[in-house]
Amino acid sequence: MRRSLTLIAAAATLGLTLAGCGGSGQAPADSAAPASEATGEVGVFTWWADGSEKAGLDALVDVFKADYPGLTFDNLAVAGGAGSQAKSVLAAQLKAGTPPDSFQAHAGAELQDYIDADQLEDLTGFYAENKLTDQFPKDLVDRLTVDGKIYSVPSNIHRSNVVWANVEVLKKAGVDPNKPADSLEGWFADMDKIKASGKTPLAVAGTWTQTQLFENVLLSSLGVDGYNGLWDGQTDWKGADVTKAIEAYKKTLSYTNSDRDSLSDWAPATQLVEDGAAAYNLMGDWAEAKFAQDGKKAGSDYSYFPMPGTAGVFNFLADSFTLPVGAPNPAGAKAWLSTIGSAEGQTAFNKVKGSIPANTTAKTDDFSDYQKSAIKDFSQDKIVSSLAHGAAVPVAWLNELSTAVSKFGGDGNVAALQDAAAATAEKFAK
Amino acid sequence: MLRRVKHWGPGLLLLAPTIILVGVFVYWLIIENFRVSLTNQHTAKPSNKYVGFENYTNLLADPNFQHSLWNLLILTIVFLGGTLIFGFLWAWMLDKPAKGEGFFRAVYLFPMSVSFIASGVVWRWLLSSLQTDQPGGERTTGLNRLLDSVGLGFMQNDWWSNPTWGIAAIAVPAIWQLSGYVMALFLAGFRGIPEELREAARIDGCSEWKLYRHVIFPQLNPVMLSAVIIIGHMSLKLFDLIRAIVPDANTYDVQVPATMMWVKYIGSDYADAAAIGMILLVLVALVVVPYLMYTSRAEKR
């Protein structure tokens, strides 16, 4: 009896060891197969797991199913932390050489990490086949192009420099909701009035929302060229104008709720504005989808305006989808990408998610007023890339800067934040 | 020869699965981790250039990492002190023939059966930093609200949002959760002391304090050491509780090496993350290895 148990144990071990070695030897699938003949499952990796984001994804999947009845959509969404949880899962899969068929990534510098790691297929040919280059705005295509090649298909465009306000709270404090401040100084004056009325002037949440606030104060204070220069080395982080901008950020923080780090994500901060506990919340325009979902009316319940001092500037971020090297079903992935790039797919998805379509031929007649205004702004404003969402700098740079911003929330040491930001920029800037 | 194989063969075969699994999934991975920590793999792009101990020297010179080590020290001291004090007090009270001992033992032990993640979600709410006298104070929840409603409003504080002592607030739920365990250890220690010894001491005219000081405490030393080792190494590795209480992993006030390793890993800085992992391993080894040596020597004796 004992002998046979030993044998079983030994056999089990051997089996485990063999299974451990087996996984990596998959044959590369033929990436030249046309999308229209694709069959099987398409595994798509996102961090759109609940709320308006999941609703948007579901709408997109419906279009996909209608376009390609032969394919099955496999939802590989991972929830949590504005994508940070998902990114760690994805990083592990990519390292192990078992990528999904397509995954979500912020367009811009964040994509650069994957490109550098040779983890993405070049989609330039796909763009030409589907005539996508003419359908997307040039500004956007330029930001997606690396060394003349395009690696992802954008699904939507968001704007990060939007302030959401509670109309009722503003009126009670004697601030005209129809005449938002056009400079930081004017905004501070308004917030002083709100503070005097006993409400929290500005709602903000944990580290990444503070970084988002920081980037927009920088943008407002330094202007478009000054802000862009921070990321390409043209602006000196140690300069006096940056000191002034950080001082302004310090003043902005003094108007915020003291429990900012306790709020679990952006939505509780926006909720404070919805509930009338706070007057303003600076948040990307996914907040629009939240207001709409909760049945609030623009104009009477809430209002929105560009971050004071950034009118005429569109602080941009975009989600995009990729074709990873070694995808199990590349033809299916291309089918998915063509649905995302298509006018129909973009209309269905963005209407629900509250963002604006990247594809300029998408129908937007029944979009909300906010979305229509954002579409108009995107076509005529100056475009800059968002820091907090990985459009402006690679993730490692963003992480270090976020740590410094988080530290600043505690000690308020202007010189320390400036030194840390300058040191980080020096380390990563090319 | 065959006889010898028959002697140790079956035993080895029986142990082989464990040896192989532990060898691959623990020791080989430690070695692999160490290898990565010596490279310049700071981005997602594969790069395997050997840089020696540069990552370690850079990390140890980094004020953010020093701050996380300092936080770890505060956390460990408060966590250890709190669990030892409460664990000992409870064990001491239950050691006296008290009514309902079984009930209270269960009550004190119970928090240990909850996972850090589950309790962390509740403690996030309990340790909310908003205070009633701050703007927006009407939204105050958790402990601050409780303190205010029982007339102890002056004791409200910002818990883990305090830039200097915030990390000590993280120790509060940890103490709540593990004091019962330390109590169980001490209770076993108390029970292991034969009644005859106490009687003999009392007959010799020992006061109650002297009885504890000279008879009971010396015999509790091994228990105390076990408690320090177990709680100490848990504190050094503490990650899930912080992650559950603090919504954003990259929150400077409560950064410890384990959470910093996570932030680095998310940012694809594999080399730095691996180096932090090695430093943590060494820190834990400094606590555990002497203890293992001590116990194995004690067993031989």
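Residues are numbered from 1 along each chain as its sequence is written, and chains are lettered from A, with ligands numbered from 1, in the order in which they are written. Because the model is predicted, local features are reported at pLDDT of at least 70 and side-chain atom pairs at pLDDT 80 or more, whereas totals for chains, interfaces and linings use all residues. The model scores ipTM 0.83 and pTM 0.85.

Chain A is divided into domain 1, comprising 8-157 and 319-380, and domain 2, comprising 159-315 and 390-428, with bounds that come from an automatic or database domain assignment. The C-alpha centres of these two domains of chain A lie 30 Å apart. Between them, 18 residues of domain 1 of chain A are in contact with 18 residues of domain 2 of chain A, contact being taken as C-beta atoms, placed from the backbone, within 7 Å. On the side of domain 1 that touches domain 2, the elements giving two or more residues are α4 (109-116) and α15 (369-380) of chain A; helices (H or I, at least four residues) and strands (E, at least two) are DSSP runs, numbered from the N terminus. The most is given by α15(A), with five residues. By class, this side of domain 1 of chain A has six nonpolar, seven polar and five charged residues, where Ala, Val, Leu, Ile, Met, Phe, Trp, Tyr, Cys and Pro count as nonpolar, Asp, Glu, Lys and Arg as charged, and the others, Gly among them, as polar.

Within α4(A), the buried residues (20 or more other C-beta atoms within 10 Å of their own, C-beta atoms being placed from the backbone) are A:Ala109, A:Glu110, A:Leu111, A:Asp113 and A:Tyr114. What covers them includes β3 (102-106), β6 (152-159) and α16 (395-411) of chain A. Just after α4(A), A:Asp118 takes a positive phi of about 55°.

Strand β3(A) is itself mostly covered, five of its five residues being buried. A:Ser102, A:Gln104 and A:His106 lie on one side of β3(A), and A:Phe103 and A:Ala105 on the other. Strands are taken to pair if DSSP finds at least two bridges between them. Two bridges join β3(A) in parallel to β1 (residues 40-45) of chain A, with A:Phe45 opposite A:Phe103. Three bridges join β3(A) to β11 (residues 313-322) of chain A in the antiparallel sense, and here A:Gln104 stands opposite A:Phe321.

A further set of four strands of chain A forms an open sheet of mixed pairing, in the order β8-β9-β7-β10. Its edges are β8 (200-203) and β10 (302-306) of chain A, each with a single partner strand, so one side of each is left without a neighbour in the sheet. The twist averages 20° from one strand to the next. Strand β8(A) runs parallel to β9 (residues 278-282) of chain A, joined by three bridges, and A:Thr200 has A:Ala278 as its bridge partner in β9(A).

Between the chains, 35 residues of chain B are in contact with 38 residues of chain A. On the side of chain B that touches chain A, α1 (2-37) and α11 (257-266) of chain B each supply at least two residues, and the largest share, six residues, comes from α1(B). The residues of this side of chain B divide into 17 nonpolar, twelve polar and six charged.

Notes:
Two residues are in contact if their C-beta atoms, placed from the backbone, lie within 7 Å. Axes are lines fitted to C-alpha atoms, for helices over the stretch in contact, and angles run from 0 to 180 degrees between N-to-C directions. A residue is buried if 20 or more other C-beta atoms lie within 10 Å of its own, exposed if 12 or fewer, and partly exposed in between; C-beta atoms are placed from the backbone.
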